[in-house]
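I opened the model today to look up a few points. My notes follow in the order I checked them.

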Amino acid sequence: PNNEASLRQCFPRYEVPDGERKCNVNRAITYIKNEFVSLNHNRRKMVYPYVTTATDSKNVQRVFATVKDIVLKINLRQTGLM
């Protein structure tokens, strides 16, 4: 399958640089992460994008660590320590 065509269906502004014949996965991941992060217009809300696969067993650990970080930061702000 043509990966860059599929990516453009979801992200029409995504462009493959001249000279690249196929989609660069890392460039595509960075683009998608930046698109989602840019949708956050509230600086008080944090966005934690992660790249994972359905078979990534460590993903749950990362999600829990992120949630703990978010809860800690919220509590620090509420108490005036941040």
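Where is the place of Arg44? I find Arg44 in the loop between α2 and α3 (59-78). Helices here are DSSP runs of H or I with at least four residues, strands are runs of E with at least two, and both are numbered from the N terminus.

**Ground rules.** I am reading a predicted model, where local features need pLDDT of at least 70, side-chain atom pairs count only at pLDDT 80 or more, and totals for chains, interfaces and linings use all residues. Residues are numbered from 1 along each chain as its sequence is written, and side-chain values use heavy atoms, with hydrogens and water left out.

**Arg44.** I looked up its cover next. Arg44 is exposed, at a relative accessible area of 61%. Exposed means over 50% relative accessible area, buried means under 20%, and partly exposed lies in between (1.4 Å probe, protein chains only). I also checked Arg44 against Arg77. They sit 33 residues apart in sequence, and their C-alpha atoms are 9.9 Å apart in space.

**Whole chain.** I count three helices and zero strands in the protein. The pattern along the sequence is α-α-α. The radius of gyration is 17 Å, well over the 12 Å that the globule rule gives for 82 residues, so the protein is more spread out than a compact globule. That radius is taken over C-alpha atoms, and the rule is 2.2 Å times the number of residues to the power 0.38. The C-alpha trace spans about 50 × 30 × 20 Å along its principal axes. Buried residues make up 13% of the 82. I noted an accessible surface of about 7100 Å², with 56% of it belonging to carbon and sulfur atoms. Accessible areas come from the Shrake-Rupley method with a 1.4 Å probe; for residues, only the protein chains shown count as cover.

**Helix α2.** This helix covers residues 25-38, 14 residues in total. Its end C-alpha atoms are 20 Å apart, close to the 20 Å expected. The expected span is 1.5 Å times one less than the number of residues. Which residues of α2 are buried? I find Ala28, Tyr31 and Glu35. They cover an arc of only 60° around the axis, which puts them on the same side of α2. The arc is that of the directions from the helix axis to the C-beta atoms. The face turned away from this buried side carries exposed Val25, Asn26 and Phe36. At the N-terminal end, Asn24 is the cap, with a side-chain oxygen 3.0 Å from the backbone nitrogen of Asn26.

**Glu35.** Beyond neighbours within four places in sequence, Glu35 is in contact (heavy atoms within 4.5 Å) with Phe11 and Arg13.

**Helix α3.** The 20 residues of α3 should span 28 Å, and the end C-alpha atoms are 29 Å apart, which agrees. Gly80 follows α3 and has a positive phi, near 80°. Within α3 I picked out Thr66. Thr66 counts as buried at 9% relative accessibility. Its side chain reaches the backbone oxygen of Arg62 at 2.9 Å. Leaving aside neighbours within four places in sequence, Thr66 is in contact with Tyr48 and Tyr50.

Note on methods. Polar contact = N/O pair within 3.5 Å; in protein donor to acceptor, adjacent residues only side chain to side chain.
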